[in-house]
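Biologist: I'd like to learn how to read a model like this one feature by feature. Could you walk me through it?

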Amino acid sequence: MTPLLEVKDLVKHFPIKRGILIDREVDQVRAVDGISFDVQRGETLGLVGESGSGKSTACRAVLQLIKPTSGSIKFEGREIAGLGRRQMRPLRREMQMIFQDPYASLNPRKRIGQIVGDPLKLQGVARGSDLRRQVQELLERVGLASEHYNRFPHEFSGGQRQRIGIARALALKPKLVICDEPVSALDVSIQAQIVNLLDDLQDELGLAYLFVAHDIGVVRHISDRIAVMHDGRIVEQGTADQVCEQPKDDYTKKLLAAVPIPDPRESRERRGQVASR
Amino acid sequence: MSAAPILSVRDLRVGFQTEAGLLQAVDQVSFDLSPGEVLAIVGESGSGKSVTAQTMIGLTRSKNSQIEGSVKLDGEELLDADDATMRRLRGEKIGMVFQDPMTSFNPVYRLGNQIIEAIRAHNGDVGKDEARQRVVELFESVGIPNAERRIDNYPHEFSGGMRQRAMIAMALAMEPEVLIADEPTTALDVTIQAQILRLLDDLNRQRGLATILITHDLGVVAEVADRVLVMYAGRVVEEGTLDEIFYDPQHPYTWGLMGSLTRLDRPRPRRLPQIAGSPPSLLDLPQGCPFRPRCPHEFSKCPEYPGLEARLAEAAGHRDRCWLTPDEKRAKRQVEGQIGLEAPR
């Protein structure tokens, strides 16, 4: 079966330009330097890496929010790299995104009903009382109340705002949701709620996630497979348990070793080992 | 612990007058800190951990704040010290490291000059060259390579991890006895975080620095802390040694925090244990235990506010605010999952 999303040799280089009259390209930032991966229907692929590893650039290139330098991106077998805005529009229904910062990703002047309902309206899916009903159902689906319809974002906590962002992403019933650090701005006790919500929604709606985060613990929990990014390349790819328990690449090993273990005895033991090495 | 405490906080209360009424950000917080000790204050946003730290160094003084209680540094009361005294104490006695190394330096001055200025403001006898030499040594001691050249860089020329090292160097410039680190690694990548934690640990051991580490990350706590305070809604809900908190946690909120961690060293659960609901508004606290509305073990006693007491015969320093008996707690904790199953040793 063709994968839902198939990315091949994706490259995104940003030019570094110098000069006043003539913009000379003197060098390039190789943000994404030839990565390949695929996401199957209903599956979660975790993309981990530290800041600057290129994971966010990869996401944006997949969504055609930035133009990739080269490479192929196939959605349901159809090439989408290089498609124009207009050609992308119908595909936007199939691919949605959840952002990191729930304080920056919701328009403070719009009511919740409008924020969640706008995608439906813009794509001509629903209007009027039907629109309102659909939005209220979505709000309830993500653990909010239908009375929240007329409220403004500032009336909500970080975790609730992230639920609003999720409702907006799900409004058009996408097949693929790209989650860019969806829990890293949230408190620990709220992170678990959001991770569980994403899990439930996946089971119910058969969503596929491309889940991007720097927290390997969270990525391992939610992902079926994990790809580790470093300096614009994928250095290792495998099932979540394989990558976390038997890492092959040196960078993956280093990354895993740096994650603090919330267990004082194990942590002391590990430090002892590191010291004696 | 071992030596006499250098810092002693008693019944600290910090409130802010707001349009909606008095917001009690910190309530009845007490603790001691000894030289060479690392005390971790753990809690979520709004738990009062940062306000506690900021109040100690006089950063929450303002027209609308109400501060009560006592903060003694080496026997000297800080809460009613005048501004000039506080200015002297900040830096000389207490150094502070903030979360965001990006916004904590002035972007238009060279890093070295900012630290030289701080040194000379505290001690006018130090000449420019001498101060510069000292900054070079400080940079070397916190592991910044090419210190000689790097001190003439601007903040934007440093990476996040290097900038955090520079901030630690600045906090240590006047050789303080107490270091307050407010989420010092939260903005950093894990590999860099590991380096900064090692550095803090070394400084703490070599210099006998008393450290208050404010964080929400229990993994970080396990790596460096000696003792732990867990805060919720402005109050300490549990305190104890590192092992007591991790292997025999007494408060359901602490269980919740431990349970909701995604751990790489354990097989992954099908579902993450979660704490229901969200932290209460400090303007509208529930009656009695503030964790009551989110707690799965609420019972008839909970509308009464529990004191912070030692409830375990074997650990006098391990105190918590929960009405359940230790036996009930241990039984309920087992039901909740793999939380603190082993006995402390």
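**Reading strands, helices and contacts**

Modeller: Let's start with one pair of residues: Gln17(B) stands opposite Leu22(B) in S2(B). Keep in mind as we go that this is a predicted model.

Biologist: Okay, so how do strands S1 and S2 of chain B pair, parallel or antiparallel?

Modeller: The general idea comes first. Strands of a sheet pair through backbone hydrogen bonds, and they can do so either parallel or antiparallel. Here, S1(B), residues 7–18, and S2(B), residues 21–33, pair in the antiparallel sense over nine bridges. The two form a hairpin, with two residues between them.

Biologist: Let's do sheets. What is the strand order in the open sheet of chain B?

Modeller: Eight strands make up this open sheet, in the order S6-S7-S8-S3-S9-S10-S12-S11, and the pairing is mixed. To find the edges, look for strands that pair on one side only: here they are S6(B), residues 94–97, and S11(B), residues 309–310. At the S6(B) end, four bridges join S6(B) to S7(B), and these two run parallel. For a landmark, Gly95(B) stands opposite Leu179(B) in S7(B).

Biologist: How do I read a helix, then?

Modeller: An α-helix has 3.6 residues a turn, so residues three or four places apart point the same way. Take helix H7 of chain B, residues 190–207. Its buried residues are Val190(B), Ile192(B), Gln193(B), Ala194(B), Ile196(B), Leu197(B), Leu200(B) and Asn204(B).

Biologist: What covers those buried residues of H7(B)?

Modeller: The cover includes S3, H6, S7, S8 and H8 of chain B, together with H9 of chain A.

Biologist: How far does H7(B) reach from its first C-alpha to its last?

Modeller: H7(B) has 18 residues and reaches 25 Å, close to the 26 Å expected at 1.5 Å a residue. After the helix comes Gly208(B), with a positive phi near 65 degrees.

Biologist: You brought in chain A. How many residues of chain A are in contact with chain B?

Modeller: There are 33 residues of chain A in contact with 31 residues of chain B. On the chain A side, helices H6 (188–205), H7 (216–222), H9 (250–258) and H10 (264–276) each supply at least two residues. H6(A) gives the largest share, nine residues. By class, that side of chain A has 15 nonpolar, eleven polar and seven charged residues.

Biologist: Now the inside. Which residues have the most contacts in the largest nonpolar core?

Modeller: They are Leu210(A), Phe211(A) and Ala169(B), in a core of 164 residues. Helix H6 of chain B, residues 160–172, gives the most to this core, with eight residues. Domain 1 (7–229) and domain 2 (233–336) of chain B both contribute residues, so the core lies between them.

Biologist: How far apart are the C-alpha centres of the two domains of chain B?

Modeller: The centres lie 29 Å apart. The contact takes 20 residues from domain 1 and 16 residues from domain 2 of chain B. On the domain 1 side, S2, H8 and S9 (227–232) of chain B each give two or more residues. S2(B), where we began, supplies the largest share of that side, eight residues. By class, the domain 1 side has ten nonpolar, six polar and four charged residues.

Conventions
Residues are numbered from 1 along each chain as its sequence is written. Chains are lettered from A and ligands numbered from 1 in the order in which they are written. This is a predicted model: local features need pLDDT of at least 70, side-chain atom pairs count only at pLDDT 80 or more; totals for chains, interfaces and linings use all residues. Two residues are in contact if their C-beta atoms, placed from the backbone, lie within 7 Å. Ala, Val, Leu, Ile, Met, Phe, Trp, Tyr, Cys and Pro count as nonpolar, Asp, Glu, Lys and Arg as charged, and the others, Gly among them, as polar. A nonpolar core is a set of buried Ala, Val, Leu, Ile, Met, Phe, Trp, Tyr and Cys residues joined through C-beta atoms within 7 Å. A residue is buried if 20 or more other C-beta atoms lie within 10 Å of its own, exposed if 12 or fewer, and partly exposed in between; C-beta atoms are placed from the backbone. Domain bounds come from an automatic or database domain assignment. Two strands pair if DSSP finds at least two bridges between them. The expected span of a helix is 1.5 Å times one less than its number of residues.
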